[in-house]
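Hi there,

Here is the structure I promised to pass on to you. Have a look at it first, and then read my notes below.

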Amino acid sequence: MERRTSTLSIVSPMLNEQDGVDAFLTAVLDQCDSLDLESFEILIVDDGSTDRTPELLHSWTQRRSEVRVLTLSRNFGHQAAITAGVFNAVGDGVIVMDADLQDPPEVIPQMVERWRDGIDVAYGVRRTRDGDSWIKRTIAGIFYRLLRWLSDTDIPADAGDFRLMSRQVVDVLKAMPERDRYTRGLVAWSGFAQEPVYFDRPERFAGTTKYPVGKLMRLAMAGVVGFSDKPLFLTIGFGLGAMVLAVLGLIWVIVSTIFSWGEQIRGWTSMAVLLMFFSAVQLIFLGIVGIYISRIFVEAKHRPIYIVENDSRDN
């Protein structure tokens, strides 16, 4: 494969990361300075921070010309912030990583080496997740494997958004019109030459996670809805199965009544339980259908994924 030696962009969304800004930028700059690159930029997307993060980032733009800050007009969410960074990055290679140092900057040279050797996507795969709670690890493990089973797209398990993408892949992402985006799924769907880079995920350097269980569930739902229609077919299959059981139950009641098989006990308990069960099933299925309809509604409005308030490069 042809080796690439060109420009690199590192995209990192930040939301109230004042305690980790200096450590993150210092670590990433050290890695980039050690690489044989024509040029590089570290593009920080400030996703509506309300602490001292904007102030600290501004000071870094004055000290290092490679640091660039894209300020969004409000908090649009992690995936939208990633999208803003990727869409505005100028490098021939683009790395997406979190700013909490759970995506180790020490892995950057390995990704760059894969990219130089002709790989279009070098994605990080977590061998361990020591920094996450057992609840988060359990939910993540179940979700990744469920998504692989549901989706026709081979989305790697235990891989987050930490990855390097070639300019060709970035251009494909920019051509995708989705607004409710699941970036790692879109990258996997795009194809091209993709290889894993394994690493151990450390604990968060400072601050608190911006992905509590509720947001993780929403992200998981975006992944399932965006890359699979199997839940809709599963609801049909479950409904047909329930109908068959109901018909068999009806036949049994009729036959047992005609032939007086067993003692005929008439009560409301079993009927009420069955009614509540199937009512709950119907509500769940309506919710699944509603999620797909909601996604259509969001896409039909064609609102922008993000709004840029300021780009430090223009100042």
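**What turned up**

Among the contacts in the chain with a separation of 6 or more, 83% join residues 24 or more positions apart. Please keep in mind that this is a predicted model.

As for the overall make-up, the chain contains 10 helices and eight strands. It has 315 residues, and 46% of them count as buried. The chain exposes about 16,700 Å², with carbon and sulfur atoms supplying 61% of that area.

On the surface there is a nonpolar patch formed by Ile142, Leu146, Trp149 and Leu234, and together these residues have about 430 Å² of accessible area. Which helix gives the most to the nonpolar patch? That is helix α5, spanning residues 134-150, with three residues. Leu146 is one of the residues in helix α5. Leu146 counts as partly exposed because its relative accessible area is 39%, which lies between the 20% limit for buried and the 50% limit for exposed.

Now for the inside. A search of the whole structure gives two cavities of 30 Å³ or more. The largest cavity holds about 40 Å³ of space. Its lining is made up of Thr83, Val86, Phe87, Leu173, Arg181, Thr183 and Leu186. Two helices, α3 (78-88) and α7 (183-190), each supply at least two residues of that lining. Helix α3 gives the most to the lining of the largest cavity, with three residues.

Enjoy exploring it!

Best wishes

Key:
Residues are numbered from 1 along each chain as its sequence is written. This is a predicted model: local features need pLDDT of at least 70, side-chain atom pairs count only at pLDDT 80 or more; totals for chains, interfaces and linings use all residues. Side-chain values use heavy atoms; hydrogens and water are left out. Patches are made of residues with over 30% relative accessible area and no salt bridge: like charges are joined within 9 Å, nonpolar side chains (Val, Leu, Ile, Met, Phe, Trp, Tyr) within 5 Å. Accessible areas come from the Shrake-Rupley method with a 1.4 Å probe; for residues, only the protein chains shown count as cover. A salt bridge is a side-chain nitrogen of Lys or Arg within 4 Å of a carboxyl oxygen of Asp or Glu. Helices (H or I, at least four residues) and strands (E, at least two) are DSSP runs, numbered from the N terminus. Buried means under 20% relative accessible area, exposed over 50%, partly exposed in between (1.4 Å probe, protein chains only). Contact means heavy atoms within 4.5 Å. On a 1 Å grid over the protein atoms alone, a cavity is a set of points where a 1.4 Å probe fits but cannot get out, and a pocket is an open set with protein on both sides within 12 Å along at least five of seven lines; lining residues have an atom within 4 Å of a point. Grid points are joined across faces, edges and corners, and a volume is the space filled by probe spheres set on the points.
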